[in-house]
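This report describes selected packing features of one structure, shown below.

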Amino acid sequence: MISEHNSNIISNLRLPLMVMVVFIHSYLTKSDSMPTVTFVEDIFSKCIPIVAVPTFMFISGYLYFAKFRHFTLLFYKVQTLKRIRTLLVPYIIWNTFVICVFWSLHRFAPTMINPDFENIQDYTVIQLLDCYWRGSGGFPIAYQFWFIRDLFIITLVSPLIYLIAKSRYLGIAIVMLLLMSTQSSYIEMGAYFFMGAYCSINNVDFSALKVPLRVIILMAYIVLAGFYLSMQSNEIIRKLLILCGSISLLNLKGLRLPANQMFRRVSSSAFFLFCMHGILDLFTCKILTNVVHSESQLQWIMLYFINVTAVVLICMAIYFISKKISPRLLRIVTGNR
């Protein structure tokens, strides 16, 4: 069973992690003529939030087995049906929504679409169906939903994850070896899911590291972050950075405290923010880069943070308005969250 303090940690992390994901997708410029802007964006859109998706995957693995007693066919069936409702249904709905938006933009406002995007008006039925899976760039057309796609597939192999987790230290060794040696997104994400599942299955308190070890891991994260900023193509450094950063994040003392009522209410919008921010961020970034022609790096840095803040607040506003106007529809599109 999930302990109260770990439950508080997970609840308190949902919104901050989701804001990190918004930062990941909010690059405004990659111009070599603005090195300070690029450096700031690399810190806040690459280095700091690099822990967000793996930590979400860890939490998903932990919660999957949170009420676990024995792995039976019934347990697997119940969990799979639940994931169909909470993952697969929103996945289909939101990708369909984005297909409709892109088709409409290509048809009526083509200047709002990046010219590198293919014109889906010309797509065949097979190509449109492929938009739900990997499109032309390996991502579904609602690109952030690659996480939901991978998570759902990983949950389908949960019996194998359970068997590996039950082998304890041998299982950890196997998964760490696979994690460090592979470039497969499914295996890497599966490794983070496994770590959460391992803690849940074996009753390991992921937030109980002793203070000296916390300090060492945090210092390692800071050093690795410096290396990562200068060598972003190094996969080993990236994965070690994720591991150290996620462990440090999950062991922050303040996260054990129960959130106040206001924060819990705001945090309830985290999944809707995940669903909505991609399409909204696409527009806001496009508008800013088309409208603003300033050469001031300070102005671009300010716009970068303003853009993220605006996307988060607009998504939250839409969520709470929808919750008041049409709560049933909102529950459907967010998987009954």
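Helix α6 (residues 146-156) is mostly covered, with 9 of its 11 residues buried. Buried here means under 20% relative accessible area, exposed means over 50%, and partly exposed lies in between (1.4 Å probe, protein chains only). Helices are DSSP runs (H or I, at least four residues) and strands likewise (E, at least two), numbered from the N terminus. The model is predicted: local features need pLDDT of at least 70 and side-chain atom pairs count only at pLDDT 80 or more, while totals for chains, interfaces and linings use all residues. Residues are numbered from 1 along each chain as its sequence is written, and side-chain values use heavy atoms, with hydrogens and water left out.

The buried residues of α6 are W146, F147, I148, R149, D150, L151, F152, I154 and T155. Their cover includes α3 (52-64), α4 (73-108), α7 (158-166), α9 and α13 (270-291).

Leaving aside residues up to four places away in sequence, R149 touches Y91, W133, R134, G138, F139, P140 and Y186; contact means heavy atoms within 4.5 Å. R149 also lies over the face of W133, at 5.5 Å from the ring centre. A charge sits over a ring if NZ of Lys or CZ of Arg is within 6 Å of the ring centre and within 35 degrees of the ring normal. A further case is R337, which lies over the face of F271 at 3.7 Å from the ring centre.

P140, one of the residues touched by R149, has its C-alpha atom 7.8 Å from that of D130, 10 residues apart along the chain. D130 is found in helix α5 (residues 125-130) and, because its relative accessible area is 23%, it is partly exposed.

Axes are lines fitted to C-alpha atoms, for helices over the stretch in contact, and angles run from 0 to 180 degrees between N-to-C directions.

| Helix pair | Angle between axes | Distance between axes |
|---|---|---|
| α7 and α9 | about 60 degrees | 9 Å |

The angle of about 60 degrees makes α7 oblique to α9. Angles under 35 degrees count as roughly parallel, over 145 as roughly antiparallel, 65 to 115 as roughly perpendicular and the rest as oblique. In this packing, I161, Y162, I164, A165 and K166 of α7 meet F193, F194, A197, Y198 and I201 of α9. For α9 and α11, the contact is made by E188, Y192 and M195 on α9 and by R238, K239, I242 and L243 on α11.

Aromatic rings form a further topic. A search of the whole structure finds 29 aromatic pairs. Rings of Phe, Tyr and Trp (its six-membered ring) pair if their centres lie within 6.5 Å; planes under 30 degrees apart count as stacked, over 60 as edge-to-face and the rest as tilted. F23 and F305 form an edge-to-face pair, 6.0 Å centre to centre with 70 degrees between the planes. This pair links distant parts of the chain, with F23 in helix α1 (residues 4-24) and F305 in helix α14 (residues 297-325), 282 residues apart. F23 counts as buried at 14% relative accessibility, whereas F305 counts as partly exposed at 28%.

One aromatic cluster is formed by Y64, F65, F68, F71, F75, Y76, Y162 and F193.
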